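Dear colleague,

My notes on what was found in it follow directly after.

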Amino acid sequence: MATVQTQDALAAADRLAAEGSALEAIGLLTEANRQESDDRIELRLIRVRNEAYAELDRSPTRSPWPDDSTRPRSGGEALPPIDVRDLTPDSARDSILRYGCAFVPSLIPKPDVDRLVEGIDRAFEGCDFQATRGWSPEVMDDDPEADMATAPWYSRFDGVEGHQIAGETRQWVRDGAGVWTAESPRVMFEFFEILERVGLRSLIADYLGERPALTLSKSTLRRTHPLPRAEWHQDGAFLGDGIRTLNLWLCLSHCGDDAPGLDLLPRRLDRIVETFTGGAILDWTVGPDTVEKLAEAEEAPVLRPLFEPGDALLFDELFLHRTATDETMTRERYAIETWFFAPSAYPGDQIPFVW
């Protein structure tokens, strides 16, 4: 049973959204949930973040980064770390233009890591429970309260007009060791609160020059198991032209040796590399032979860093990378991957949420 305080907050948020002030409703519900955590608020926040996207000014803006040209690598380190105290939009951008990414060790503290790992486990459990019931519209319509059995850790987001979600798509994501962050209302709330505390919200907004928006399909909780092979890729190969984006890859467990980490080319590339080449299996990926030639040409050998819980990488759509995995690994790797977009340059085929 919702308390009077929660009921009042939900009613006020509904009034604001109906009046075209969903952006204000986000702030109201966020503050209410900070005061008194409640499943219903967290569920409503997911929907209102989607509704608020229509209120954003998405007219073209001038990028705060007029110089997009690559910069020379500096020093002897293959991938110099950025101390979290020195992390600014300028330092992140400088590292991306030199090394393709910005490496930030210990971005978040251990208690927050532990909280997110527990949340990911709960989200996966909830998703698996719902999967046993089936994802077809008929099943979901027959039992509209079914999601409450796993809320707030897992609750389907059933799409919006023009963007309906097929059950097979959701199952494909789960089979690929993922659950969409927006389908775990509590984890999404706690994740945003953690990023707020370490200053990532303002940093990303300043970097993009606009209030960030994320997408359903490119914001994922991951519990990645070892596989024999993974494919090299740049996300720009399928995100489309003209976007402005920054991805946060947040590692939540030790990885890179006994659990899948990341292989990366530590050099800024100024283009999308030709796909389906050099031994690539998929038409949007880059083969290992092509990557080897690029690494030699750029004098930037491929890296497989060791990551610790709380470490992070920031990069954009041009970063060439893959999941680092092989048969010798025995443990799963926990992580959260979130692509943030400037609304004025948002990919049009995605379901948006406002941060």
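Asp 39 is partly exposed, with a relative accessible area of 25%, where buried stands for under 20% relative accessible area, exposed for over 50%, and partly exposed for what lies in between (1.4 Å probe, protein chains only). Its side chain meets that of Arg 186 in a salt bridge, at 3.1 Å from N to O, a salt bridge being a side-chain nitrogen of Lys or Arg within 4 Å of a carboxyl oxygen of Asp or Glu. Because Arg 186 lies in helix H8 and Asp 39 in helix H3, the pair ties together parts that are 147 residues apart in sequence. Arg 186 itself is buried, at a relative accessible area of 14%.

Before going further, please keep in mind that this is a predicted model, in which local features need pLDDT of at least 70 and side-chain atom pairs count only at pLDDT 80 or more, while totals for chains, interfaces and linings use all residues. Residues are numbered from 1 along each chain as its sequence is written, and side-chain values use heavy atoms, with hydrogens and water left out.

In general, side chains of opposite charge can pair when their charged atoms come close. By the rule given above, the count of salt bridges comes to 29. Another of them joins Lys 110 and Asp 114, whose closest N and O atoms are 2.8 Å apart; being four residues apart in helix H5 (residues 110–133), Lys 110 and Asp 114 are separated by about one helical turn. Of this pair, Lys 110 is exposed, with a relative accessible area of 59%, whereas Asp 114 is partly exposed, at 39%. Helix H5 also holds Asp 128, whose side chain meets that of Arg 174 in a salt bridge of 2.8 Å, N to O. This pair links distant parts of the chain, since Arg 174 sits in helix H7 (residues 167–175), 46 residues from Asp 128. Asp 128 counts as partly exposed at 30% relative accessibility, and Arg 174 is buried at 16%. Salt bridges that share partners also join Asp 263, Arg 304, Arg 322 and Asp 326 into one network.

Turning to the helices, H2 (residues 22–35) has 14 residues and reaches 20 Å from its first C-alpha to its last, close to the 20 Å expected when 1.5 Å is multiplied by one less than the number of residues. Its buried residues, among them Ala 22, Ile 26 and Leu 29, fall within an arc of 165° seen down the axis, so they line one face of the helix; the arc is that of the directions from the helix axis to the C-beta atoms. They pack against helix H1 (4–18), helix H3 (39–52), helix H8 (185–197) and strand E9 (352–354), while Glu 24 and Gln 35, on the other side of H2, are exposed.

For the chain as a whole, the secondary structure comes to eleven helices and nine strands, which are DSSP runs numbered from the N terminus (helices H or I, at least four residues; strands E, at least two). Of the 355 residues, 55% count as buried, and the C-alpha trace spans about 65 × 45 × 40 Å along its principal axes.

With kind regards

Technical notes
Contact = heavy atoms within 4.5 Å.
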